[in-house]
Amino acid sequence: MPALRRSHPSPTVVLAVLAMGAMSYALLQSLVVPALPAIQQDLHTSATGVAWVMTAYLLSASVATPIAGRLGDMFGKRRTLIVVLSMLALGTLVSALATSITVLIVGRAVQGLGGAVFPLAYGVIRDEFPPGRVAMGIALMSAILGIGGGAGIVLAGPILDGLGYHWLFWIPLVPILAAIAATALVIRESPVRVPGRINIVGGLLLGGWLVCLLLAFSYAADWGWGSARFLGLLALAAILLAAWVRQESRAREPLVDMRMMQLRGVWTTNTAALLTGFGMLGAFVLVPQLVELPESTGFGFGGSVTEAGLFLLPATLAMLIVSPLAARLAERTGSRLNLIVGMALMAVAFVILGLAHSSGWEILLAMTLVGTGIGFAFAALANLVVEAVPPGQTGVATGMNQVMRSIGSSLGGQITASVIAAQVAVGGLPLESGFTLAFLICAGAMTLGVSAGLLVPGRAVAREQAEAGAIAVVADPA
């Protein structure tokens, strides 16, 4: 084993090992979405109770990702990656064995810690890959989050119909265990370290405002957008966010360097990440819901869970095809163009979905454009952040970018769900106007994403800012 670690595995092998664990996490994020009604019935819980199966995963991932990214920068990315993958495996095992909703929620919360696999993987690629292959490696890894999300919903139907929902956890457990072993054997420990210690107060405040914000939007549709609980959680999130920014700005060793977050290349890319997450989840939730509505509504297709998942297959295939192409393009022209093109394609797709969704081919065309757009955008986001920050801040910077995607996904899912819930027919089924409005809201969000992409600095400017940031950190470590 030591001999293997001292050798220099090829970038292709390293990327394959990193992708194995990342794809498992991405699949687990979405595999359970179509299974929620079956889980609710089997475990005899309420709609609110089963919603925690997704909420716990999202909250855990959002809080753990930037913290684990910081730990990787400090103590070694390989070591931290093994711990994170082990937590993902443990949570998956607990979820597979769960016979009560409480145990399943605990398992999902532990699973969510696996979200840190992405910023850690980006850091490994930046440390280990030849300079000419870093952009492609990061682009391909970033695209896995979208590919896995789409593939999870496509695969969920056949697994549910043939095996039952417990196998949604048993099947991914195998590649997770393989990824742990492969990481221990193949990945070398990172040479780039940032000495310091974890800012406990900063971590608690970060977790506090994220939990309040995501809980508020997770239950906004049930509580009402004007309810005291929703507004109270938003107010508390704002207070904790302000306290976190103040604390991190004054801390000798901040968890997240606020000077880094103010870099133009960072905040513009984070804004784009939030909007991309909004659109991706909007598509992956709205389209299956529309397809599964009965034909008696006049616009539904009466499809099963499996059939609805097939309408997302073009998006998944498009991401698989486009991501390597986008990665090669990023090496030549930079990632900014990829982001702008990706957001624009998604905007066009949502306009099509909003105005023309009466035929299957129209939805398939739109989902192909969605997948193509996600392939371009996801390939760009992580690269743009990596280009904008010093090497020692790669983990925490990409972790915060992923948190912004998670927040966007929560916003996209809940806002579109509330729009549809507000427009229902006498029998309780959604009206077509609700879907039209929801799709057009997503189109507007993607248009804002194009604007954010236009504000992202070019590669040369971002590199200058990153170098200036590194110099500032060395000159003023406090």
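R405 lies over the face of F378, 4.5 Å from the ring centre; a charge counts as sitting over a ring if NZ of Lys or CZ of Arg is within 6 Å of the ring centre and within 35 degrees of the ring normal. This is a predicted model, in which local features need pLDDT of at least 70 and side-chain atom pairs count only at pLDDT 80 or more, while totals for chains, interfaces and linings use all residues. Residues are numbered from 1 along each chain as its sequence is written, and side-chain values use heavy atoms, with hydrogens and water left out.

**Rings and charges**

- R108 lies over the face of Y57, at 4.0 Å from the ring centre.
- The structure holds eight aromatic pairs, where rings of Phe, Tyr and Trp (its six-membered ring) pair if their centres lie within 6.5 Å, and planes under 30 degrees apart count as stacked, over 60 as edge-to-face and the rest as tilted.
- One of these pairs is Y25 with F118, an edge-to-face pair with 6.0 Å centre to centre and 70 degrees between the planes.
- Y25 belongs to helix 2 and F118 to helix 7, so this pair ties together parts that are 93 residues apart in sequence.
- Y25 and F118 are both buried (under 20% relative accessible area, with exposed over 50% and partly exposed in between, using a 1.4 Å probe and protein chains only).
- Ring pairs also link Y25, Y57, F118 and Y122 into a cluster.

**Two helices side by side**

- Helix 2 (residues 11–31) and helix 7 (residues 117–128) pack at an angle of about 170 degrees, with their axes 10 Å apart.
- Helices (H or I, at least four residues) are DSSP runs, numbered from the N terminus.
- Axes are lines fitted to C-alpha atoms, for helices over the stretch in contact, and angles run from 0 to 180 degrees between N-to-C directions.
- Helix 2 and helix 7 are therefore roughly antiparallel (angles over 145 degrees).
- Among the residues that meet are V14, L15 and L18 in helix 2, and V117, F118 and A121 in helix 7; contact means heavy atoms within 4.5 Å.

**Two buried residues**

- T269 sits in helix 14 (residues 264–292) and is buried, with a relative accessible area of 0%.
- Leaving aside neighbours within four places in sequence, T269 is in contact with L381, L384, V385, N401 and V456.
- V396 is found in helix 19 (residues 394–421) and is buried, with a relative accessible area of 4%.
- V396 and A68 are 328 residues apart in sequence and 7.8 Å apart in space, C-alpha to C-alpha.

Key
Angles under 35 degrees count as roughly parallel, over 145 as roughly antiparallel, 65 to 115 as roughly perpendicular and the rest as oblique.
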